[in-house]
Every structure is written in structure tokens, then in C-alpha cells.
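Good morning, and thank you for joining this group meeting.

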Amino acid sequence: MSSVRTPRAAAYLTVTQVGWLALPALFAAFPLLSLFQQNETDVELHVLWWPLLLCVVGVAVLYGVLLAVVRRPAKASVLASLVVVWFAYYEPIAGLISGSTPDRWWFFGLWTAVVAVAGAAIVRTRLDLSKLTLILAVAAVVLVAGPLARISVYQASHEPISLFDPRLWPDRLAKPSVTDPSRLPDIYFLIPDDYARLDVLVKYFHYSDAAFVNELRKRGFAISQGARSPYSDSESNIAAALNMGYLDGLPKILGAKSQDVRPVKRLIADSRASRLLKSLGYRYIHLDTDEVTFPFGNPRISSAAVPDSIENLWLQKTVLRKFGGPIGFDQKARDRRFRDSIETIFSRLAAVAVAAEQGPKFVVFHTLLPHDPYVYGSNGQAVTFHYHSDTALGSRVGMPYYLHQLEFVNRKLLEAVDAIRSRSKTSAIVIQSDEGFQGEADTFGEATMQQIRVKGLLALYLPGRVDAGVPKPPNTVNTLRFLFNQYLGTHYPLLPTHSYPELDYPYQFEEMRVR
């Protein structure tokens with residue numbers, strides 16, 4: 001005799017099945033949500049969706065496999081939750097229990113053995129696990145509720161600013177006027193990250209960058225001896241340069257004590273310079289070996305290759321940190337992915353340079369080099385920086401690695417310049433560091449560190465403008481104003497030079513005197 005399932009019973013069964021699946025899914029989501037919530041002032045909500053989808057799909061597959069094996073939904077749900085905890089909670093629990101031992105194999109073995117014993121006990125038990133799943137469900141909901149609520153409140157109270165807000169910029173840049181559009185030059189804006197100014201390299205690194213500089217001069221570049229940036233972080237400096245103005249409008253809109261720096265990346269991706277050039281028929285090409293200049297993730301590389309992306313930081317906390325290879329996240333695997341992304345985007349830059357396409361182009365290219373992580377030797381060989389503290393990167397132990405990576409990026413920049421000039425000798429090329437070396441206060445002293453930070457490289461190749469020289473005052477906020485005036489018939493005034501150290505709040509702009 002067959003039984004007929006009522007709609008209420010069918011609905012109850014569906015909810016129950018979803019509940020069994022939701023338990024491990026909530027445990028899987030918590031580390032990711034917690035990590036995002038800790039970084040929500042820096043990253044857009046959009047970047048959370050892909051790794052969160054990976055969590056849900058991975059858990060669904062895991063639960064389905066376990067259900068097929070044990071044939072009891074409650075048991076499959078508990079087992080899936082246990083596997084999730086083993087996988088996703090490895091680094092936090094290892095750090096909590098044993099301090100600095102999460103990378104030691106004996107702890108991984110112990111961790112795996114404990115989980116395996118617990119899993120075996122669950123498989124063998126004949127007890128009803130409904131009460132256990134209820135307890136675990138309450139725990140999972142409590143875990144997730146905290147970061148989820150904070151994320152929701154933050155997103156609701158920090159709506160995106162309009163890039164057309166008149167408070168952003170005190171001046172309105174007139175549209176360029178050209179008589180012969182066919183003579184418009186391609187414009188390449190190449191941004192090596194944290195590339196120190198020549199005098200800084202000599203004084204503090206005891207290193208002469210003369211070989212690189214001489215090669216640039218042979219190719220017709222003018223080098224600024226006194227270039228300085230307005231700010232002390234990459235995003236603010238790049239946004240200021242591409243918008244040809246200081247960011248004084250942001251604290252007026254967001255508040256001087258706002259920690260929300262997401263609008264800065266939006267101003268990079270959609271800048272005044274790109275809009276003005278598009279109005280003349282320029283194609284805008286945006287390339288980055290990292291995600292520094294992209295608000296919503298870099299479409300040309302995997303987020304898993306980006307050292308400080310949410311996806312990378314999240315997976316580093318899982319058991320994958322113990323393994324290398326294509327899916328591993330130990331240091332060698334992370335460094336290899338980063339090198340691959342650098343090679344990919346430099347190759348893309350070369351391809352853009354030699355492509356036979358109609359119309360002028362505006363190319364903005366950013367590379368994280370010579371900034372850490374230190375993954376290259378002078379000749380492009382793979383290296384590993386064995387110190388795990390952030391302070392070591394900008395200290396005496398990190399400085400030799402920085403120089404080796406600087407020498408490598410010198411070669412890559414010259415190759416890029418040659419590729420550009422091989423196609424067109426009329427292309428204007430800017431090589432402008434976002435800022436200078438990020439030294440440690442304990443190594444250099446606070447005041448010296450702040451001075452070094454705003455002194456970076458600036459080199460200009462302006463064909464047909466032999467006597468143009470470099471912008472004066474030599475603040476990087478003026479570079480594109482200077483270039484536009486040379487080629488596009490504009491008469492933008494060059495702005496007075498100001499530089500601001502990094503203080504407690506990102507928009508706490510208190511000018512310092514640069515010596």
C-alpha cells in the first residue's frame with residue numbers, strides 16, 4: 001500500500017534536508033566571513049561572492065558523498081562539519097593551541113589523527129545524532145551571526161560615493177582640444193610599486209641605480225631628481241596621479257576619521273584622466289600584476305595569485321597551507337603563483353605595445369614589484385624570503401631582497417619600454433613609482449621613514465618635446481597635468497606640492513615638510 005506525502009510533509013522534508021546541508025555550510029562560511037569583516041574597509045562586498053560560492057559548492061559535494069556512504073542525513077551532516085573544521089580551522093586552532101607551530105608537520109599529523117578518530121567514532125555510533133546536530137547548529141549560527149551582522153550594518157551605513165560628486169575635486173578640468181586627432185600619442189603610465197628615489201637608494205641602501213637610469217636616458221627619458229608623492233600609500237597616490245588632483249574631497253564627503261578606503265580604488269579604475277582621454281577617442285587599457293588598482297578584483301589573474309587578496313588569505317589559513325603544487329598554499333606555491341601573475345601581465349603589456357590597432361590608447365600598468373613579497377633575485381631566479389614578520393620586510397634583513405627585486409624589475413621595465421618604442425617612437429611613456437620604500441621605523445626612525453616613503457622614481461619619455469624636462473614642482477600629482485599640457489592642448493596649472501605621512505586615519509591629511 002503506497003503512502004501519499006502531503007505538501008506539508010514534503011515541505012518539512014525539504015527544510016530538514018536543507019538544514020542538514022546548512023550546518024557544515026555555516027561552519028565553512030564563518031572563517032571567510034570573519035576575514036572579510038576584518039578587512040571590509042579595504043575591499044568591496046563583490047569580492048566575497050566567489051569564495052563564498054566555493055564554500056557552498058564544496059560543502060554540498062562533501063555532504064552528498066558522505067550521505068551516499070553513511071545513508072543517514074544527521075550523521076552525514078556531522079561528519080561534513082567535522083571535515084570542514086579540519087580543513088578550514090587548521091591555522092586558527094593551531095595558532096591558539098600551540099602558538100607558532102601551524103607549519104610543523106607533527107602538529108598537522110596530530111590534528112588529522114584527532115579528527116580521524118572523531119570521524120571514526122561518528123561513523124561507528126548507532127546513537128541518534130539529532131540532539132548533537134541541534135547543538136552544533138546553534139553554535140554555527142552564533143558563530144556566523146556576529147560577522148554577518150557587522151558586515152550588513154557596515155554595508156548599509158557606508159554607501160558608495162558618486163564619482164561625479166562635485167565635492168571630490170575643487171577644480172574642473174577642461175576637455176582637451178586637439179586639431180589633428182590622428183597625431184595623438186599613445187600614453188603609457190607604468191607604475192612600479194615602492195620604487196625608491198635615486199638619492200634614497202644611495203644614502204640608505206648604499207646602492208647606485210646608475211645603470212638603469214643611464215639606459216633610460218639613452219632611450220630619451222628625463223629623470224626627476226626631486227620627485228615626491230602626495231601620500232604614503234599606493235592607492236591614494238595612484239588615485240591622485242590619475243585624477244590629477246589631491247584627495248582633499250574624500251574627508252569632506254566621508255569624514256576625516258573614516259576608515260573606508262574603498263572609494264580610492266574606484267577613483268583609480270574610473271579616473272578623470274581616463275574619462276578625458278576617452279572623450280578624445282582613446283582606448284583605456286588597465287593592467288596590474290596584483291589587485292592594488294582594481295576595486296572588484298583583477299579580471300586577468302586569479303585572486304589566488306594575489307598575495308593579500310581575501311581568497312589567498314582565507315586559503316592560507318586552511319590545511320592547504322601545508323601543501324605545495326597547483327592547489328597548495330605553502331609559501332613556495334604562493335610565491336610561484338605570484339611570479340606567474342607577474343610574468344603574465346608583463347607579457348600582456350608587451351602584447352598591447354606591439355598590437356596593430358586603430359586609434360590611440362591610454363595604458364595604465366601597475367606592478368607590485370619591487371615591493372614585497374620578495375620572490376625574485378636580480379636575474380629573475382626564484383627566491384624565498386624566510387622571515388615571516390612584516391617588520392622584517394622593511395628592515396635591514398629585507399633590504400638586500402628589495403634591491404635584488406628592484407634590479408629584476410629594472411630589466412622588465414626596460415623590456416617593456418623597448419617593446420613600446422619598437423612599435424611607435426611617438427608614444428609618451430611615464431615610469432612613476434606610487435611612492436618610495438616602505439621602511440620600518442625601528443630601522444630608520446619615524447621621521448626618516450616618513451621622508452623615505454614619499455620619495456620615489458619618476459622618469460618621462462616625451463617624444464617631440466626635447467626640452468620639456470619634468471614637472472615643477474615635481475610632485476607626482478602633477479605628472480599627467482604636465483603631459484596633457486605638452487600634447488593635448490590643455491593649460492592645466494601645476495598644483496603646489498604637498499606630502500602627507502601615514503597617520504591614524506587614511507584621510508588624516510596633516511602636511512609634513514619634506515627635506
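I shall go from the overall chain to its salt bridges, then to a surface patch, a helix contact and a pocket.

Please note at the outset that this is a predicted model. The chain has 515 residues, and 53% of them are buried. Its secondary structure comes to 19 helices and six strands. Taken along the principal axes, the C-alpha atoms fill a box of roughly 95 × 50 × 45 Å.

Let me turn to the salt bridges. Side chains of opposite charge can pair when their charged atoms come close. In this structure there are 17 such salt bridges.

I begin with R219. Which residue forms a salt bridge with R219, with the closest N and O atoms 2.7 Å apart? One partner is E215. The side chain of R219 also meets that of D418 in a salt bridge, again given as 2.7 Å from N to O. Where do R219 and D418 lie along the chain? R219 is in the loop between α8 (210-218) and β2 (222-223), while D418 belongs to helix α16 (residues 399-423), so this pair ties together parts that are 199 residues apart in sequence.

Are these residues buried or exposed? R219 counts as buried because its relative accessibility is 16%, which falls under the 20% cut-off. E215 has a relative accessible area of 26% and is partly exposed. D418 is also partly exposed, at 32%.

Another salt bridge joins the side chains of D340 and R336, with an N to O distance of 3.4 Å. Both residues lie in helix α14 (residues 331-354), where they are four residues apart, about one turn of the helix. D340 counts as partly exposed at 40% relative accessibility, and R336 likewise counts as partly exposed at 31%. Returning to the network around R219, salt bridges that share partners join E215, K218, R219 and D418 into one network.

We come next to the surface. Which residues make the nonpolar surface patch of about 660 Å²? The patch is made by W50, L53, L54, V57, V61, V65 and V69. Of these, V61 lies in helix α2, which spans residues 49-70. V61 counts as exposed because its relative accessibility of 51% is over the 50% cut-off.

I now take a residue on the other side of that classification. I122 is found in helix α5, residues 105-124. With a relative accessible area of 13%, I122 is buried. How far apart in space are I122 and L79? Their C-alpha atoms are 7.1 Å apart, although 43 residues separate the two in sequence.

Rolling a probe the size of a water molecule over the atoms shows where empty space is left. The second largest pocket holds about 480 Å³ of space. It is lined by 22 residues, of which S182, R183, L184, P185 and T426 are the closest to its centre. What is the make-up of this lining by class? There are eight nonpolar, seven polar and seven charged residues in the lining.

To close, I would ask you to keep two points in view. The pair of R219 and D418 ties together parts that are 199 residues apart in sequence. The nonpolar patch that includes V61 covers about 660 Å² of the surface. Thank you for your attention.

Definitions and conventions: Residues are numbered from 1 along each chain as its sequence is written. This is a predicted model: local features need pLDDT of at least 70, side-chain atom pairs count only at pLDDT 80 or more; totals for chains, interfaces and linings use all residues. Side-chain values use heavy atoms; hydrogens and water are left out. On a 1 Å grid over the protein atoms alone, a cavity is a set of points where a 1.4 Å probe fits but cannot get out, and a pocket is an open set with protein on both sides within 12 Å along at least five of seven lines; lining residues have an atom within 4 Å of a point. Grid points are joined across faces, edges and corners, and a volume is the space filled by probe spheres set on the points. Ala, Val, Leu, Ile, Met, Phe, Trp, Tyr, Cys and Pro count as nonpolar, Asp, Glu, Lys and Arg as charged, and the others, Gly among them, as polar. A salt bridge is a side-chain nitrogen of Lys or Arg within 4 Å of a carboxyl oxygen of Asp or Glu. Buried means under 20% relative accessible area, exposed over 50%, partly exposed in between (1.4 Å probe, protein chains only). Helices (H or I, at least four residues) and strands (E, at least two) are DSSP runs, numbered from the N terminus. Patches are made of residues with over 30% relative accessible area and no salt bridge: like charges are joined within 9 Å, nonpolar side chains (Val, Leu, Ile, Met, Phe, Trp, Tyr) within 5 Å. Accessible areas come from the Shrake-Rupley method with a 1.4 Å probe; for residues, only the protein chains shown count as cover.
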